[in-house]
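Dear colleague,

Please find the structure below, together with its sequence. The findings follow it.

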Amino acid sequence: MISYKQLGFVNTREMFQKAFKGGYAVPAYNFNNMEQIQAIVVACVETQSPVILQVSSGARKYANQILLRYMAMGAMEIIKDAGVTLPVALHLDHGDTYELCVSCI
């Protein structure tokens, strides 16, 4: 099993603590395809904004879990290539079944 930390992601607890102390909000965006995640990541790099990348159960049905995982990993590579360090979390948005939640873990 691969840890979220190995992929370059952070957990939201840490992210929210920093945001609370710093007095800022953390945006969360759902993505279903490459164009969406690319736009999200490029904007966050330009604005130096932490971000939560969200995947819904509908996205899982549309794009499939393997492809979504590699898109998220690609997003981390874009950030790394830009030479910036941004906190990024990956989140299951509205996991509607036990099985879905387990498969995302």
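Leaving aside residues up to four places away in sequence, Ser-49 touches Pro-27, Cys-44 and Leu-86 (contact means heavy atoms within 4.5 Å). The model is a predicted one, in which local features need pLDDT of at least 70 and side-chain atom pairs count only at pLDDT 80 or more, while totals for chains, interfaces and linings use all residues. Residues are numbered from 1 along each chain as its sequence is written, and side-chain values use heavy atoms, with hydrogens and water left out.

Ser-49 lies in the loop between helix 2 and strand 2 (DSSP runs numbered from the N terminus: helices are H or I, at least four residues, and strands E, at least two). With a relative accessible area of 16%, Ser-49 is buried (buried is under 20% relative accessible area, exposed over 50%, partly exposed in between; 1.4 Å probe, protein chains only).

In helix 4, the buried residues are Leu-68, Met-71, Ala-72, Ala-75, Met-76 and Ile-79. They cover an arc of only 145° around the axis, and therefore sit on the same side of helix 4 (the arc is that of the directions from the helix axis to the C-beta atoms). These buried residues pack against helix 2 (34-47), strand 2 (51-56), helix 3 (57-63) and strand 3 (88-93). The face turned away from the buried side of helix 4 carries the exposed residues Lys-80 and Asp-81. Gly-83, which follows helix 4, has a positive phi, near 80°.

Kind regards
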